[in-house]
Amino acid sequence: VRSLEHTASVAVAARPNPFESLHVYARAAVVIDATTGSVLYEQKADTPLPLASITKIAMALSVLDAMPQDETIELPYSIHDSDNGDLLPAGTEWKVKNLLDYTLVVSSNDGAEELARAASPHVHKKYPDSPESDATIWRMNKIAESIPAPTLKFLNASGLDISSAATGGVGSARDVAALALYATREYPQRFSASARREVHLYGSEGQIDAENTNNILSSIPGLALSKTGYTYAAGGNLVIVFRPDGVHEIVAVILGSTLSGRFSEMQKLIRASMIYLLNEREAS
């Protein structure tokens with residue numbers, strides 16, 4: 001007579017793996033249950049690819065590491081972030097924490113560059129081995145080394161393409177996942193803003209409303225971090241960290257999809273992750 005334990009194990013084994021037949025058209029993807037360390041899905045997860053605005057996660061980490069969040073940054077009158085259909089008010093003053101939230105939520109390229117510029121002397125003071133100029137970029141790369149996420153390489157703070165042959169940041173889907181998890185664990189409060197549909201922030205000219213570039217936020221339970229990215233070289237990118245059941249922490253990355261495909265393909269990964277967690281709960 002077979003034991004109940006054996007019968008249960010057979011039943012669990014009989015459940016279909018929700019990721020087994022899943023396919024995405026992105027150039028690379030990965031899903032990791034960070035709570036258990038299990039890789040749930042991967043597709044060319046170790047191939048370095050252009051990161052586009054996912055680079056801004058590393059920028060934010062570098063700024064947070066060295067610059068007081070209540071310090072004020074004055075934006076130059078030449079600023080105009082028209083790439084994202086977003087205009088930062090020229091000549092206004094922002095606290096670092098507010099400009100960081102704004103930059104991550106709307107993926108502001110000018111915001112990223114101004115934060116990196118303002119943080120550079122702070123980084124150099126804290127890390128004398130860093131270059132006097134572009135110390136923020138230097139620190140972004142040092143953080144990647146320390147995680148470790150060896151394929152991550154950063155040339156600018158925004159992730160914008162530098163030329164047809166060079167991009168502002170590169171890295172593998174697996175290392176992007178490691179970067180995102182590091183960010184949520186080191187600075188959970190600062191990166192939580194990236195999970196909101198919109199944030200209301202204050203500069204010297206009053207309230208600024210910032211709308212998130214991730215249009216599927218409402219379909220992601222327990223979202224802790226979200227960062228989009230898109231350039232000609234990169235295609236459509238997206239990384240999220242979410243905790244749908246309050247126990248498991250899931251990180252999912254899409255690299256090299258299309259502008260809209262990054263969202264539909266991420267939704268596939270989210271649905272499969274939810275089925276995986278349901279199977280885990282029923283098996284326990």
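Which helix gives the most to the lining of the second largest pocket?

1. The structure is a predicted model, in which local features need pLDDT of at least 70 and side-chain atom pairs count only at pLDDT 80 or more, while totals for chains, interfaces and linings use all residues. Residues are numbered from 1 along each chain as its sequence is written, and side-chain values use heavy atoms, with hydrogens and water left out.

2. Helix α8 (residues 261–283) gives the most to the lining of the second largest pocket, contributing three residues; helices (H or I, at least four residues) and strands (E, at least two) are DSSP runs numbered from the N terminus. The pocket holds about 160 Å³ of space, and of the ten residues that line it, N17, P18, Y276, N279 and E280 lie nearest its centre. A pocket here is an open set of points on a 1 Å grid over the protein atoms alone, with protein on both sides within 12 Å along at least five of seven lines, a cavity is a set where a 1.4 Å probe fits but cannot get out, and lining residues have an atom within 4 Å of a point. Volumes are the space filled by probe spheres set on the points, which are joined across faces, edges and corners.

3. Across the whole structure, one cavity of 30 Å³ or more is found, and the largest cavity has a volume of about 30 Å³. Its lining is formed by P89, T92, W94, G203, S204, E205, G206 and I208, which divide by class into three nonpolar, four polar and one charged.

4. Q43, in strand β2 (residues 38–43), counts as buried at 15% relative accessibility, where buried means under 20% relative accessible area, exposed over 50% and partly exposed in between (1.4 Å probe, protein chains only). The side chain of Q43 reaches the backbone oxygen of A26 at 2.8 Å, and a polar atom of that side chain lies 3.2 Å from the backbone oxygen of V24. Leaving aside residues up to four places away in sequence, Q43 touches H23, V24, A26, R27, A28 and A29, with contact taken as heavy atoms within 4.5 Å.

5. The largest nonpolar core has 61 residues, and those with the most contacts inside it are I57, M59, F191 and V239. A second, separate core of 26 residues includes A29, V31, L269 and A272. Such a core is a set of buried Ala, Val, Leu, Ile, Met, Phe, Trp, Tyr and Cys residues joined through side-chain atoms within 4.5 Å.

6. Helix α3 (residues 96–106) is largely enclosed by the rest of the structure, because ten of its eleven residues are buried; among them are N98, D101 and T103. S107 follows α3 and is found in the loop between α3 and α4 (109–126). S107 has a positive phi of about 60° although it is not a glycine, and it is buried, with a relative accessible area of 5%.

7. Two further loops deserve a look. A52, which is not a glycine, has a positive phi of about 50°; it lies in the loop between β3 (49–50) and α2 (55–66) and counts as buried at 0% relative accessibility. In the loop between α5 (135–146) and β6 (153–154) lies P148, which is joined to I147 by a cis peptide bond with omega of about -5°.

Terms used: Polar contact = N/O pair within 3.5 Å; in protein donor to acceptor, adjacent residues only side chain to side chain. Nonpolar A, V, L, I, M, F, W, Y, C, P; charged D, E, K, R; others polar.
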